[in-house]
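Thanks for coming. I have one structure to go through today, so please look at the sequence and the model first.

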Amino acid sequence: MSTPYPQPGGNPQWGPGQPPEAPGYGYPAYPPPAGYGYPQQAPAPGGAPLLALGDITVVGDQIITPAGTLPLRGAVWNATDLSHTEEKIPPHAIVLAIVFFIFCLLGLFFLLMKEKKTTGYIQVSVTSAGRHHSTMIPAHRQDAFQAVMAQVAYARSLSGL
């Protein structure tokens with residue numbers, strides 16, 4: 001009687017000392033084999049990253065994106081500010097203005113309190129060798145666009161070398 005499981009000393013069904021092929025279903029083996037799951041980026045030659053903007057990284061003479069590697073020389077960089085800043089009177093200032101208005105007219109000065117809140121994203125895109133990649137960077141501060149533009153200016157200077 002033949003069994004489908006390997007026996008010590010080998011099984012003529014798989015050959016001596018050969019395990020059966022792994023099934024294509026069920027839980028993966030632990031530790032997972034190399035290349036299991038999401039595609040892995042190979043470490044780029046050239047050392048440490050020079051610049052990182054969202055998921056765009058500049059290493060040596062290459063631009064590494066999730067879609068692949070682009071050449072740095074001649075790359076065109078663009079940044080678009082899609083954020084906006086709101087300025088409003090906070091609720092606690094309105095409450096204090098009402099409470100202190102009863103005692104004296106100085107309570108109206110609480111209405112001069114303003115709260116600024118920035119929301120949105122900054123879109124950074126790079127085009128090189130006929131390929132294009134774009135990423136969105138969240139803007140949490142009013143000066144976030146200036147900081148990103150400084151990085152884009154540095155990337156432009158690297159592309160022109």
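The largest nonpolar core has 19 residues. A nonpolar core here is a set of buried Ala, Val, Leu, Ile, Met, Phe, Trp, Tyr and Cys residues joined through side-chain atoms within 4.5 Å. Buried means under 20% relative accessible area, exposed means over 50%, and partly exposed is in between, with a 1.4 Å probe and protein chains only. The residues with the most contacts inside this core are L53, V58, I63, W77, V124, V126 and V148. At least two core residues come from each of β1 (51–53), β2 (56–59), β8 (121–128) and α2 (144–159). Helix α2 gives the most, with five residues. Helices (H or I, at least four residues) and strands (E, at least two) are DSSP runs, numbered from the N terminus. In soluble globular proteins, nonpolar side chains tend to be buried together.

Before going on, the ground rules. This is a predicted model: local features need pLDDT of at least 70 and side-chain atom pairs count only at pLDDT 80 or more, while totals for chains, interfaces and linings use all residues. Residues are numbered from 1 along each chain as its sequence is written, and side-chain values use heavy atoms, with hydrogens and water left out.

Now the overall layout. The protein chain has two helices and nine strands, and from the N terminus on the order is β-β-β-β-β-β-α-β-β-β-α. Of its 161 residues, 22% count as buried. Contact means heavy atoms within 4.5 Å. Among contacts between residues at least 6 apart in sequence, 52% join residues at least 24 apart. The chain exposes about 11600 Å², and carbon and sulfur atoms supply 63% of that; accessible areas come from the Shrake-Rupley method with a 1.4 Å probe, and for residues only the protein chains shown count as cover.

What does V58 touch, leaving aside its neighbours within four places in sequence? V58 is in contact with P49, L50, L51, I63, L72, W77 and L158.

Not counting residues up to four places away in sequence, S159 touches L72, R73, G74, A75 and W77. R156 is also placed in α2, but at 39% relative accessibility R156 counts as partly exposed. Setting aside neighbours within four places, R156 is in contact with W77, N78 and M149.

Next, two polar contacts. A polar contact is a pair of N or O atoms within 3.5 Å; within protein, one must be able to donate a hydrogen and the other to accept it, and residues adjacent in sequence count only if both atoms are side-chain atoms. T135 lies in strand β9 (residues 131–138). Is T135 buried or exposed? It is buried, because its relative accessible area is 8%. The T135 side chain makes a polar contact with the side chain of D55, at 3.1 Å. Beyond four places in sequence, T135 contacts L53, G54, D55, I56, I122, Q123 and V124.

The other one is at S83, in the loop between β5 (76–81) and β6 (84–88). S83 has 21% relative accessibility, so it counts as partly exposed. Its side chain makes a polar contact with the side chain of D81, at 2.5 Å. With residues up to four places away left out, S83 touches T118, T119, G120, Y121 and A139. The C-alpha atoms of S83 and A139 are separated by 6.4 Å, and these residues are 56 apart along the chain.

How many salt bridges does the structure hold? One. A salt bridge is a side-chain nitrogen of Lys or Arg within 4 Å of a carboxyl oxygen of Asp or Glu. R141 forms it with D143, the closest N and O atoms being 2.8 Å apart. D143 counts as partly exposed, at 40% relative accessibility.

Last, a backbone point. A129 is in the loop between β8 and β9. Its phi is near 55°, a positive value in a residue other than glycine. A129 is exposed, with a relative accessible area of 66%.

That is what I have.
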